[in-house]
Amino acid sequence: MGYLDERHTPDSIKRATRYLEGIWSRSREKWEKVDTYLDLSFTVWDQDSAFADRPFFRPGLGRIAFQKAVANQIAFRPDIRVPPAQETQAEEVNADKRERFLQSLVTEMFMQEMMSPGKQAGGNLIAFGYTTLEIPQLDYENQPRPPKKWLGEDAVSFKRREAIYERDVASFCPFRLSITNPARTLMDPYRKIPNMVVKKTTHRAFELHDLTVQRAEHWPGVDIYEITGDPYKEIDTLECWTRDWHALCTVEGSEMIIDEENRWGLYVLCPGLLWLG
C-alpha cells in the first residue's frame, strides 16, 4: 500500500498543505501582486522614497482591459458532444438523448452560480494563467426533503406542502459546478491528473453542522459536528482528496469533520493552464 492510499489524518493533511504551499509560494506572490492591480490597491510611490507623502491616483486601465477581455472574449459555456457507441440508427438516437440531457445539466449548473463559471475561469486564466474547476459537487444543502405532517396540521395544508416538494424535486439539480480561487486550491503542478488535492476554505459553525447532518442522512457512521458557542463563528478548514479517501478537518484544533472513503474515486477539482505567446 502506497502512502497516498492510507487514510487521512489531520497531521497528514497539514503536511501535504505545507508541501504544496511551498511549491506554489512564488506563483502565489505573483498572484497577490496581480490582485493589487485588479482591485486598485497597488503601490504608486515607494514607501521609502521622498515622494511617499505626495497625493496619488491609481489608474484603472489594467482592470478595465481585464474586465473587457473576460466579458467579450473569454466567457464560454461548454458545448456537449456525445458520439454514438455504434453506427446504428438506434444508438444515434440514444446518443442524441444523452447529449441533450448532459447539455441541460451543464446549463443548469451554470445557472445555479452567482457568477458565470465560464467568466470566472476565463478571468483566472487571464489574470493568473491558471484556474481550477470544482465538479461534480453533490448539492446536499438545497436537496428537497419530503414534508412531515405537523401536529394538528389539516389535510389541505399538508397537501400544499407535498405539492411544493414535488415541484422542487422535478426542478432540482443534484450537482453543482464552481470555479475556486487558485490560491485556495493546492495540487501538484507537475501532474495533469493530480494524485492529491487540498482545498483551503472557511466555514461557519452551523454550515459544518448542517453538512454533517446531511451526509449522515445518506451514509451511516458520520459523526455530527456539534455547535459550541456562536453558530456564525468562522472556522478555517482543510479539505483533502486522494483516489481512495476524502477528509475535512479544522486548522485550529485539528478536529476531523469528514473522514470517508472516496466512493467514486474522483478528484472534484481539476487544473487548467493558459499559455500566451
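Reader: How many salt bridges does a search of the whole structure find?

Author: The model is a predicted one. Side chains of opposite charge can pair when their charged atoms come close. Searching the whole structure for salt bridges gives a total of 13.

Reader: Which parts does the pair of Arg81 and Glu99 tie together, and how many residues apart in sequence are they?

Author: The side chains of Arg81 and Glu99 form a salt bridge, with an N to O distance of 3.7 Å. Arg81 belongs to the loop between α2 (61–74) and α3 (89–111), whereas Glu99 is in helix α3, so the parts tied together are separated in sequence by 18 residues.

Reader: Is Glu91 buried or exposed?

Author: Glu91 meets Arg98 in a salt bridge through their side chains, at 2.7 Å from N to O. Arg98 has a relative accessibility of 36% and counts as partly exposed. For Glu91 the relative accessibility is 14%; the cut-off for burial is under 20%, so Glu91 is buried.

Reader: What is the relative accessibility of Arg191, which forms a salt bridge with Asp188?

Author: In the salt bridge of Asp188 with Arg191, the closest N and O atoms are 4.0 Å apart. Asp188 counts as buried, at 17% relative accessibility. Arg191 counts as partly exposed, and its relative accessibility is 41%.

Note on methods. Residues numbered from 1 in each chain as written. Predicted model: local features only at pLDDT ≥ 70, side-chain atom pairs only at ≥ 80, totals over all residues. Heavy atoms only, no water. Helix = DSSP H or I, 4+ residues; strand = E, 2+ residues; numbered from the N terminus. Buried < 20%, exposed > 50% of the residue type's maximum accessible area, 1.4 Å probe, protein only.
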